[in-house]
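Hi,

Here is the structure I promised to pass on to you. Please have a look at it first, and then read on for what I found.

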Amino acid sequence: MSKHFIIGCGFRQYASIESFESALSKTPKTEYYSGICVPEDKMSHKALCAFAKKLHLPIYGVKSDAISGTDTPTKSSKIINIRHTGSVAEAAALSIFKTPARLISTRAISDDRHAVCAIAMGVDL
């Protein structure tokens with residue numbers, strides 16, 4: 001069984017490709033990434049798609065009920081009220097796995113504060 005490293009992203013509508021790059025640059029480096037995971041309703045965001053294309057990675061969408069049921073180390077009261085989880089990036093990264101996964105990086109916030117990235121590692125997507 002091979003390991004998968006998934007980038008979970010949370011972001012505001014004004015996020016740019018630079019926002020995503022900034023947030024990812026603040027996470028520990030991994031050997032490779034298997035994909036980017038976001039809430040389903042944000043999959044077509046223009047800058048996210050450009051970011052994924054630049055990294056040659058697929059974008060996976062996670063249903064909102066999977067995100068809302070995921071416990072995360074980070075607890076943002078604003079995100080708890082909106083998405084019913086502590087961190088969209090952390091929850092998205094963990095939620096895509098069919099078997100238990102673990103975060104190797106909690107959310108990292110971009111310099112412009114428009115995007116966050118977290119990294120999860122697991123086996124079964």
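Which side chain does Lys54 meet in a salt bridge? The partner is Glu21, at 2.6 Å from N to O. A salt bridge here is a side-chain nitrogen of Lys or Arg within 4 Å of a carboxyl oxygen of Asp or Glu.

Before I go on, a word on the basis: this is a predicted model, in which local features need pLDDT of at least 70 and side-chain atom pairs count only at pLDDT 80 or more, while totals for chains, interfaces and linings use all residues. Residues are numbered from 1 along each chain as its sequence is written, and side-chain values use heavy atoms, with hydrogens and water left out.

**Salt bridges**

The structure holds 4 salt bridges. Helices (H or I, at least four residues) and strands (E, at least two) are DSSP runs, numbered from the N terminus. Lys54 is exposed at 54% relative accessibility, and Glu21 is partly exposed at 28%. For these words, buried means under 20% relative accessible area, exposed over 50%, and partly exposed in between (1.4 Å probe, protein chains only).

Another salt bridge joins the side chains of Asp111 and Lys26, also with 2.6 Å from N to O. Asp111 lies in the loop between β4 (102-109) and β5 (115-122) and Lys26 in the loop between α1 and β2 (35-39), so this pair ties together parts that are 85 residues apart in sequence. Asp111 is exposed, at 62%, whereas Lys26 is partly exposed, at 43%. Asp71 and Lys75 meet in a salt bridge too (2.6 Å, N to O), and Asp71 is exposed at 63% relative accessibility.

**Aromatic rings**

Rings of Phe, Tyr and Trp (its six-membered ring) pair if their centres lie within 6.5 Å; planes under 30 degrees apart count as stacked, over 60 as edge-to-face and the rest as tilted. By this rule there are 3 aromatic pairs. One of them is the edge-to-face pair of Phe5 and Tyr32, with 5.3 Å centre to centre and 80° between the planes. Phe5 sits in strand β1 (residues 4-11) and Tyr32 in the loop between α1 and β2, so the pair ties together parts that are 27 residues apart in sequence. Phe5 is buried at 5%, while Tyr32 is partly exposed at 32%.

The ring centres of Phe11 and Phe20 are 5.1 Å apart and their planes are at 75°, so this pair is edge-to-face. Phe11 is buried at 9%, and Phe20 is buried with a relative accessible area of 0%. Together with Phe51, Phe11 and Phe20 form one aromatic cluster. Lys42 lies over the face of Phe11, at 4.6 Å from the ring centre; the rule asks for NZ of Lys or CZ of Arg within 6 Å of the ring centre and within 35 degrees of the ring normal.

**Some loop residues**

His56 is not a glycine, yet has a positive phi of about 60°. His56 lies in the loop between α2 and β3 (59-62) and is exposed at 70%. Arg113, in the loop between β4 and β5, has a positive phi near 65° and is exposed at 54%.

Best wishes
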